[in-house]
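Subject: Structure for you to look at

Hello,

Please find the structure below, with its sequence. My notes on what was found in it follow.

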Amino acid sequence: MEGIPQQQQQQQQQHPIPRTVEEVFSDFKGRRAGLIKALTTDVEKFYQQCDPEKENLCLYGFPNETWEVNLPVEEVPPELPEPALGINFARDGMQERDWLSLVAVHGDSWLLAVAFYFGARFGFGKNERKRLFQMINDLPTIFEVVTGNVKQSKEQSANPNSKSKSSTKMPEPQSKGVKMSPPPKQEEESGEEEEDDEQGATCGACGDSYANDEFWICCDICERWFHGKCVKITPAKAEHIKQYKCPSCSSKRARV
């Protein structure tokens, strides 16, 4: 029991305490990425670790984009706001999708609590708090990523099902069903407007925006786009996939 809080403290000590808006936002993004991994790409491992027979468990995200299911810290009051307690108890009492959505909502609340704890601790003023919230609000919530309800930009929503051209660093679309071109963007637009559309596209796993020099792949089930690195798919591997299913869709079909 005593070693558990020490492990969590070691994770915190590996990263400097964020003191500026940019540093707090970077901390937020790292923790958010860790929680998203737990609830999407690592969902099988996460599900197994949340055994209802164990004591109250919490889901922690760390600035280095890792996650951990563990007991709460024993320090009172804790150094940082604590995530929701006892997430494992509800695992077998509801549908898995609903349970993951519930954990995601509590994860979003915890991330905001941690970010604004740092803001309060280091005296962020009104403008700094507003800027921090705007930066956070530009990212999809964990709940939106997990449920697939990521809100699209105006440019994307105008043409959500459009097939886009391949970028210079993407392989040409195969005769197979896998879509490996960049995320949807407006066709017949000027170069500047196309660049804006690409920047509005977000990865279904990490929520980060599209960049020209990154490999993306589209799920043939939910039609969400993902960084290849986020779902562990390389361009070479994608060429041999007839129909790509993202981790979330694969998990849903396995448990239906």
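**What was found**

Pro-77 lies in the loop between β2 (67-70) and α4. The model is a predicted one, and in it a cis peptide bond joins Val-76 and Pro-77, with omega at about -10°.

**The chain as a whole**

The protein has 256 residues, and 43% of them count as buried. Its secondary structure comes to 10 helices and 4 strands. Read from the N terminus, the order of these elements is α-α-α-β-β-α-α-α-α-α-β-β-α-α. Take the contacts between residues at least 6 apart in sequence: 64% of them join residues at least 24 apart. The accessible surface is about 14,000 Å², and carbon and sulfur atoms account for 48% of that surface.

**Two residues with positive phi**

Glu-65 is in the loop between β1 (58-61) and β2. Its phi is near 70°, a positive value in a residue other than glycine. Glu-65 has a relative accessible area of 38%, so it is partly exposed.

Glu-223 sits in the loop between β3 (216-218) and β4 (225-227). Phi of Glu-223 is near 60°, again a positive value in a residue that is not glycine. Glu-223 counts as partly exposed because its relative accessibility is 43%, which falls between the limits of 20% and 50%.

**The second largest pocket**

This pocket has a volume of about 400 Å³. It is lined by 21 residues, and those closest to its centre are Ala-33, Lys-37, Glu-65, Cys-206 and Cys-230. Which element gives the most to the lining of the pocket? It is α2, with 7 residues. Sorted by class, the lining holds 9 charged, 6 polar and 6 nonpolar residues.

**The second largest cavity**

A search of the whole structure finds 4 cavities of 30 Å³ or more. The second largest cavity has a volume of about 60 Å³. Its lining is made up of Leu-35, Leu-59, Pro-83, Ala-84, Ile-87, Val-103, His-106, Gly-107 and Trp-110. Helix α4 (residues 96-121) supplies the largest share of that lining, 4 residues. By class, 7 of the lining residues are nonpolar and 2 are polar, while none is charged.

**Two buried residues**

Thr-40 lies in the loop between α2 (21-39) and α3 (43-49). Is Thr-40 buried or exposed? Its relative accessible area is 8%, so Thr-40 is buried, the limit for that being under 20%. The side chain of Thr-40 reaches the backbone oxygen of Ile-36 at 2.5 Å. If neighbours within four places in sequence are left aside, Thr-40 is in contact with Val-146 and Pro-247.

Ser-251 is part of helix α10 (residues 247-255). Ser-251 counts as buried because its relative accessibility is 9%. Which residues does Ser-251 touch, not counting those up to four places away in sequence? They are Val-43, Glu-44 and Glu-96. Ser-251 and Glu-96 are 155 residues apart in sequence, and their C-alpha atoms are 9.9 Å apart in space.

Regards

Terms used:
Residues numbered from 1 in each chain as written. Predicted model: local features only at pLDDT ≥ 70, side-chain atom pairs only at ≥ 80, totals over all residues. Heavy atoms only, no water. Buried < 20%, exposed > 50% of the residue type's maximum accessible area, 1.4 Å probe, protein only. Polar contact = N/O pair within 3.5 Å; in protein donor to acceptor, adjacent residues only side chain to side chain. Contact = heavy atoms within 4.5 Å. 1 Å grid on protein atoms, 1.4 Å probe; cavity = no way out; pocket = protein on both sides within 12 Å on 5 of 7 lines; lining within 4 Å. Points joined across faces, edges and corners; volume = space filled by probe spheres on them. Nonpolar A, V, L, I, M, F, W, Y, C, P; charged D, E, K, R; others polar. Areas by Shrake-Rupley, 256 points an atom, 1.4 Å probe, with all protein chains shown as cover.
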